[in-house]
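Please walk through this structure with me, one region at a time. Keep the sequence and the model side by side.

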Amino acid sequence: MNFSSEENIFSVSEINRHLKNVIETNIPDLFVEGEIANFTRHFSGHIYLSLKDENATLRCVFFKTWNSYLDFSPKNGDKVICTGKLTVYEKSGNYQMNITRMYPTGMGDLQIRFEELKRRLQEDGLFDQAHKKVLPRYPETIGVITSATGAAIEDIRNVISRRWGCEIRLYPALVQGNGAPKSLIGGIEYFTRNPVDVIVIGRGGGSQEDLFVFNDEMLARTIYDCPVPIISAVGHEIDFTICDFVADLRAPTPSAAAELAVPDRNEVLGFVSSHARHIEMQLQNHLNRLHRTVETLQYNIERNSPYARLQAHQQQLDEATYRLLQTIRLIDRKKLQTERIQQRFFSAVSSLTADYCKDCRYRLKTAGRKLSDTTERILERKQNHLATQSALLEDLSPKVVIKRGYSITRKAGQIIRSAKHAQKNDKLEVELHDGSLNCTVDDVILR
């Protein structure tokens, strides 16, 4: 042997690595059926097992990342179908299968394909609730993708006409057979170009093979990318398809999809009527509160206005004037009584002696002076009170108020006290202390 050339010498690691690359590169993912043996669940969560038949054994590893999706509990002796990839464990040089999914034997090919597609799309996020679109509460147009001759479209029409009565646009599509997925995709693309409020896609019940067209991957991704909310209504309540998982809402039947797509008009009318009564009651209460506020403000304005105060002082002046006139009349009566007394006195004086007459004249003169002084004091006091009241009345006169910068506004000769009493383009007269202005209202601003 010639060992001079090191190019022909390989390490064990290189051989195992080369075999690993050859196997992983040239052998695609496989489905393998066999019986579980040497089943061990490691504390790390990984599962180590062998698949065997009558003639051979295949070592397998089912890592925790993948076995967490198991919906059954495998054990030694179970017959299963596994999908995964062949590889080489370089340390020992043994080849093995890295399992990604495991199904109990007896599951049909369609179910396995369904589970594989469901897993892949779920990992891609097509089923995430965050991507689900919200259906409009009051749709006006419903797009239906189903067979034109099936019972589904009639059920949908009957339910919608009974509950809501909006427009239904049918896209006649194939719902079974090889061309069905493409036809269903065409319906979604049509309603994407010609938008509706909601799309219902589906068909009535059927066998697993009949419904399998709704497990198409391209159809699922088209539903996911559609900007219009989609309700999936495939088969009966117990049937599930990929469309059900990726659609924005799943309905157990086409009739149920119609009920989910539109509201009940009686419920809506009841809701609207109830809220209308509530709003009307709130509005009436608000108007009542505003009315009471306006009345209170109007009362305060009228009570505290210069005109109200002027009227009060005018009444006081009238009362003072009346009392003064009464006093004057009383004085006049006293004067008349005095004159009568003087006449009677002078009549009686003639019979008296000269001294007695002199004394009487003196007392009469003194009494006359006292009466005159009293009368003058009373007149002076009343005149002073009258002057005070007149000065107070003059201070409260509108003319004086106007001189301080205020004005009186009249409309058609009537004083207006609120902006509500004027309208745009009204002709107003504004009285100032030294004249008046004729104005036109440009705008009314209420506070």
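What follows is a short tour of selected residues, helices, strands and ring pairs.

This is a predicted model, in which local features need pLDDT of at least 70 and side-chain atom pairs count only at pLDDT 80 or more, while totals for chains, interfaces and linings use all residues. Residues are numbered from 1 along each chain as its sequence is written, and side-chain values use heavy atoms, with hydrogens and water left out.

Start with Leu58. Leu58 sits in strand β3, residues 57-62. Helices (H or I, at least four residues) and strands (E, at least two) are DSSP runs, numbered from the N terminus. Leu58 is buried, because its relative accessibility is 13%. Buried means under 20% relative accessible area, exposed means over 50%, and partly exposed lies in between (1.4 Å probe, protein chains only). Contact means heavy atoms within 4.5 Å. Leaving out residues up to four places away in sequence, Leu58 touches Val32, Leu49, Ser50, Leu51, Leu86, Tyr95 and Met97.

Next comes Asn67, in helix α2, residues 64-67. Is Asn67 buried or exposed? Asn67 counts as buried, because its relative accessibility is 8%. Its contacts, not counting residues up to four places away in sequence, are Arg41, Gly45, His46, Ile47 and Phe62.

Move on to helix α4, residues 151-163. Its 13 residues should span 18 Å at 1.5 Å a residue, and the end C-alpha atoms are 18 Å apart, so the two agree. The expected span is 1.5 Å times one less than the number of residues. The buried residues of α4 are Ala152, Ile153, Ile156, Val159, Ile160 and Arg163. Seen down the axis, these buried residues fall within an arc of 135°, so they line one face of the helix. The arc is that of the directions from the helix axis to the C-beta atoms. An α-helix has 3.6 residues a turn, so residues three or four places apart point the same way. Just after α4, Gly165 takes a positive phi of about 85°.

Now the rings. Rings of Phe, Tyr and Trp (its six-membered ring) pair if their centres lie within 6.5 Å; planes under 30 degrees apart count as stacked, over 60 as edge-to-face and the rest as tilted. The count comes to six aromatic pairs. Tyr171 and Tyr190 have ring centres 5.6 Å apart and planes at 35°, so this pair is tilted. The pair links distant parts of the chain, 19 residues apart: Tyr171 is in strand β7 (residues 167-172) and Tyr190 in helix α5 (residues 180-193). Tyr171 is partly exposed at 22% relative accessible area. Tyr190 is partly exposed too, at 33%.

Ring pairs also link Phe114, Phe127, Phe240 and Phe245 into a cluster. Arg250 lies over the face of Phe240, 4.0 Å from the ring centre. A charge sits over a ring if NZ of Lys or CZ of Arg is within 6 Å of the ring centre and within 35 degrees of the ring normal. Phe114 is also a contact of Asn215, along with Leu117, Thr241 and Ile242, leaving aside neighbours within four places in sequence. Asn215 lies in the loop between α6 (208-211) and α7 (217-225).

Finish at the strands. β13 (residues 427-432) pairs with β11 (residues 408-411) in the antiparallel sense over three bridges. Two strands pair if DSSP finds at least two bridges between them. Arg410 has Glu429 as its bridge partner in β13. β13 and β14 form a hairpin with two residues between them.
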